[in-house]
Amino acid sequence: MDKLMKEVDRFRDERDWRQFHGEKDLAVSISLEAAELLELFQWNTSEETVENSREDIKDELADVLIYSMMLASNLDFNLEEIILNKLEKNNEKYPVDESRGSKKKYNDLKGEKYDKT
């Protein structure tokens with residue numbers, strides 16, 4: 001992942017675009033690109049969109065990931081570390097024995113370890 005982060009940074013820095021990529025702007029861009037990804041699925045079933053728009057899905061997903069990586073770079077976040085930390089938190093919220101095969105949110109699982117606030 002470090003090699004990929006360096007490639008994203010190289011691309012941006014060669015164009016002197018970091019000056020335009022403040023944290024707020026990158027967060028906005030992530031949301032906008034995620035909306036473009038979502039728009040591909042509008043009015044279609046998942047199957048239809050995947051069948052007819054695979055390349056567009058790849059491009060929009062890549063945009064979301066690239067902007068996310070730029071934000072992580074700006075903030076000196078180690079992507080592997082923050083992802084593993086979040087998975088650890090999710091593991092606590094969603095114990096396998098309570099969440100397997102369920103779409104319930106963590107506060108609706110039978111253990112109810114977390115408040116809804």
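1. In this predicted model, helix α2 passes helix α4 in a left-handed crossing. The axes of α2, residues 23-41, and α4, residues 54-74, come within 9 Å and cross at roughly 165°. Angles over 145 degrees count as roughly antiparallel, and α2 and α4 are therefore roughly antiparallel to each other.

2. Which residues make the contact? On the α2 side they are Glu23, Leu26, Ser29, Ile30, Glu33, Ala34, Glu36, Leu37, Leu40 and Phe41. On the α4 side they are Asp56, Ile57, Glu60, Leu61, Asp63, Val64, Tyr67, Ser68, Met70, Leu71 and Asn74. Sorted by class, the contact between α2 and α4 has twelve nonpolar, three polar and six charged residues.

3. An α-helix has 3.6 residues a turn, so residues three or four places apart point the same way. In α2, the contact residues include Leu26, Ile30, Glu33 and Leu37. In α4, they include Ile57, Glu60, Val64 and Tyr67.

4. How far does α4 reach from its first C-alpha to its last? The span is 30 Å for 21 residues, close to the 30 Å expected at 1.5 Å a residue.

5. The buried residues of α4 are Ile57, Glu60, Val64, Met69, Met70, Leu71, Ala72 and Ser73. Glu60 is a charged residue on that buried list. The helices that these buried residues pack against are α1 (2-14), α2, α3 (46-52) and α5 (79-93).

6. Ala62 also lies in helix α4. Is Ala62 buried, partly exposed or exposed? Its relative accessible area is 30%, so Ala62 is partly exposed. Leu37 is one of the α2 residues in the contact with α4.

7. Most residues other than glycine have a negative phi. Trp43, in the loop between α2 and α3, has a positive phi, near 70°. Asp76 follows α4 and sits in the loop between α4 and α5; its phi is also positive, near 55°.

Methods: Residues are numbered from 1 along each chain as its sequence is written. This is a predicted model: local features need pLDDT of at least 70, side-chain atom pairs count only at pLDDT 80 or more; totals for chains, interfaces and linings use all residues. Side-chain values use heavy atoms; hydrogens and water are left out. Axes are lines fitted to C-alpha atoms, for helices over the stretch in contact, and angles run from 0 to 180 degrees between N-to-C directions. Helices (H or I, at least four residues) and strands (E, at least two) are DSSP runs, numbered from the N terminus. Angles under 35 degrees count as roughly parallel, over 145 as roughly antiparallel, 65 to 115 as roughly perpendicular and the rest as oblique. A crossing is left-handed if the near helix is turned anticlockwise from the far one by less than a right angle, and right-handed if clockwise. Contact means heavy atoms within 4.5 Å. The expected span of a helix is 1.5 Å times one less than its number of residues. Buried means under 20% relative accessible area, exposed over 50%, partly exposed in between (1.4 Å probe, protein chains only).
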